[in-house]
Amino acid sequence: MSAQRILVVDDEGNARRAIATILGEEGYEVAEASNGEEGLARLSDFSPAIVLTDVRMPKMDGLTFLQKAREQGSDATFIVMTAFASVETAVEAMRAGAENYLVKPLDANAVLVVLSKALEKRALKREAETLREQVRQRTRFHNIIGEAPQLQGIYEVVRRAASTRATVLILGESGTGKELIAQAIHQESQRRDKPFVKVHCAALSENLLESELFGHEKGAFTGAVARKEGRFELADEGTLFLDEIGEISPAVQVKLLRVLQQREFERVGGTQSLKVDVRIVAATHRDLAAEVKAGRFREDLYYRLNVVAVTLPSLRERKSDIPALVSHFLEKYSDAYGKEVRGLAPGTLQAMLAYDWPGNIRELENAIERAVVLAGGNELTTDDLPPVLRGPRPTGSSPSSLIPGATLAQIEREAILRTLEMVQGSTTRAAEILGISVRKVQYRLKEYGTGKPATGSDTEEENPETEAASE
């Protein structure tokens, strides 16, 4: 391992050289600067892990130096030195982003201890960032987050179907992520560099939808003051995503069927047949087979759309993915609102697992955004959640405080939930840390969500794993 780099910035030459000598003897690679301006210049070419800087210096003081360094994008850890052992100076330094401070005259042992702790914390932070990125890669497929067995099969279908031109029908409740699956199909296909065009069929009346899909000629209807290209033309050689396909009228169904069969259409009010090469991906929350039986949806169109079918599970069917989704939305909205909310207080994840989420992922995202906006600290509590999710007030128990007086099942539950929070919701990583199977973690999460008590017995463990695998 290469020596850690330390930049010492101090206008007192003798003091600066003495510190550099001590650090060099301890195996650190040391560079020196006599003021903040020189320190800024050394940051780019020396790239130190730690900057040890005096506060009072000519030309540029230590706190200004720290602020300028952050503006330049330096991630070095700053430790400030001051001869003025006042609380105000220390607080000002810490608020500006310093990791710690030392009081002059310096004690060599104190310097080495502070540096050691700062480097250890820096290493842990880097390790956590690496782990977080690994978790992101493991739990995401084209921005689709989840490790549940039901999703793994869907990912495989998407990969296999994407390389063809087959029409794909995505089924599932509202809010389950059907548009993300459509985008994944497009990104996995050879059409990825061509347009991905989407139409929300339920949001438009019959006449407007027809015009949106096929375009119209000038004068085709009142208000048609110019020719307009439809979404099929815009999506030529790419992918057209028809969301809520179950809402289209019989007249539009007929025209859509023709495009699927013959790959051609006419604009509204036009006579010229236009040919397009478009991959169709459709989605609906309705049971189209039942709609066909009821006479509300054409059977021939249904079979044209249903070449490859993908049915997305509801969130209540894959509660083991809730920790990873919560972690993702927590990071997203903490950054969006400029807040430092990065974790969950005890009991908060349990409350979210116990809820069935009828609005699925969309409802979960909305709940997390609301909670981040209302959060008064760096952890979400059950009080920050929507009223419908609030259960008993969390007790703040930890595994250590549970012992003695708790059952093994209670201790196991606390260990699983807190470990999941630590690893950003990855059931795979949590299982590795806890030394148990991924299926057991997923099954326990299912138990915690239904309120069924976990016995933690060895004899039950085999059946839960079998059940989880077959879902």
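Biologist: Where in the structure is the place of Tyr-101?
Modeller: Keep in mind that this is a predicted model, where local features need pLDDT of at least 70, side-chain atom pairs count only at pLDDT 80 or more, and totals for chains, interfaces and linings use all residues. Residues are numbered from 1 along each chain as its sequence is written, and side-chain values use heavy atoms, with hydrogens and water left out. Strands (E, at least two residues) and helices (H or I, at least four) are DSSP runs numbered from the N terminus. Residues 100–103 make up the strand that holds Tyr-101, and that's β5.

Biologist: Okay, why is Tyr-101 called partly exposed?
Modeller: Buried means under 20% relative accessible area and exposed means over 50%, with partly exposed in between (1.4 Å probe, protein chains only). Tyr-101 counts as partly exposed because its relative accessible area is 34%.

Biologist: How many residues of strand β1 are buried?
Modeller: Strand β1 covers residues 5–9 and is mostly covered. Out of its five residues, the buried ones number four.

Biologist: Which residue in β2 stands opposite Arg-5?
Modeller: Strands pair if DSSP finds at least two bridges between them. β1 and β2 (residues 29–33) have five, in the parallel sense. Over in β2, the residue facing Arg-5 is Glu-29.
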